[in-house]
Amino acid sequence: MSEDGSPEGLPEGLPDGPSGWLKARLARIRPALAWIGRLTRHQVRFVLVLIGSAWGVVRESMRPNSWRRTVREEFRLCLRQVVGGGFLSTIVTATLAGLMVVSQAVYWLGFAGMAQMTGSILVSVLVREISPVLVGIILLGRSGMLVLTEIGMLTLGGQIRALQAQGMDPFLLLVLPRTCAFMVGGFTLGILFATNALLMGFIITHASGVITTSVWTFFANVLAAMSSWDFLVIPLKFILVGFFVGLGACMTGLLVDADDTIATLMPRGFARGIMTVMVVNILFILGG
């Protein structure tokens, strides 16, 4: 304490007394508060941008003027790359899933005398939960990283600014067609994945003698185990997973920093894509 009763060690320029002491303490913790604020804003920024961009894609996709010839061409090229490029990966992954999940589920349920639950177990585990996650990972790894690299290089190279200077909207030209292409591709590859996984599982179990019914009876039992809600939720999962994987890749590429490189951009985009796939599935689980 100083002679006048005020705390010692106050920074110059601050008044004496209790108010000066409080300002001194705030001045000391201000850098820590600023660091916490920057970290929070940095983490929340992409989520807010993703939500706003999702609404922008939905709104612009409903406007006929948004689908000009250049946008339609970008959509066609991206859709061919998403579906064509992910077709083989989807078939191989679905075959492995059928061998591991379907055949084992059918075998052990039959062994336990609960063969009547085969359809409901396959719908709940494979079609509803596993398929959207694996399809999202295939879309992210096979096509999402390609889109991320493409748009990221355009942003770092200044081509995005050149498009804006010419009066063209990068959101309509790049984000809208690619996001819609991923949405359609997610639905297509998801249905293909679920069908092929069930078929491969049936072939293996039928060949080993675990199942003696025909393939039509097997698929009829699976469809009978699906509720009316499943016919809506399962396709919607595939659509939303594809939608947000494509949108997340596009927006990550557009939001690069000046000091970013491909080495820093790719891990960030992959981590965000995996988190997006998981969050979409978790929201469906919580929603019931």
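Reader: At its relative accessibility, does Phe-218 count as buried or exposed?

Author: The classes rest on relative accessible area: buried is under 20%, exposed is over 50%, and partly exposed lies in between (1.4 Å probe, protein chains only). Phe-218 has 4% relative accessibility, so Phe-218 counts as buried. This is a predicted model, in which local features need pLDDT of at least 70 and side-chain atom pairs count only at pLDDT 80 or more, whereas totals for chains, interfaces and linings use all residues. Residues are numbered from 1 along each chain as its sequence is written, and side-chain values use heavy atoms, with hydrogens and water left out.

Reader: What share of the residues of the protein chain counts as buried?

Author: Of 288 residues, 37% are in the buried class.

Reader: How is a pair of aromatic rings described?

Author: Two quantities are used, the distance of the centres and the angle of the planes. Rings of Phe, Tyr and Trp (its six-membered ring) pair if their centres lie within 6.5 Å; planes under 30 degrees apart are stacked, over 60 edge-to-face, and the rest tilted. Four aromatic pairs are counted by this rule. One of them joins Trp-67 and Phe-75 edge-to-face, at 5.8 Å centre to centre and 85 degrees between the planes. Trp-67 is partly exposed, because its relative accessibility is 21%, and Phe-75 is likewise partly exposed at 21%.

Reader: Why is the pair of Phe-218 and Phe-219 edge-to-face?

Author: The ring centres of Phe-218 and Phe-219 are 5.6 Å apart and the planes stand at 85 degrees, so this pair is edge-to-face. Ring pairs also link Phe-202 with Phe-218 and Phe-219 in a cluster.

Reader: Which residue lies over the face of Phe-46?

Author: A charge sits over a ring if NZ of Lys or CZ of Arg is within 6 Å of the ring centre and within 35 degrees of the ring normal. Here Arg-272 lies over the face of Phe-46, 4.0 Å from the ring centre.

Reader: How many helices and strands has the protein chain?

Author: Helices (H or I, at least four residues) and strands (E, at least two) are DSSP runs, numbered from the N terminus. The protein chain has eight helices and zero strands.

Reader: What share of the contacts in the protein chain with a separation of 6 or more comes from residues 24 or more positions apart?

Author: A contact means heavy atoms within 4.5 Å. Residues 24 or more positions apart supply 80% of the contacts with a separation of 6 or more in the protein chain.
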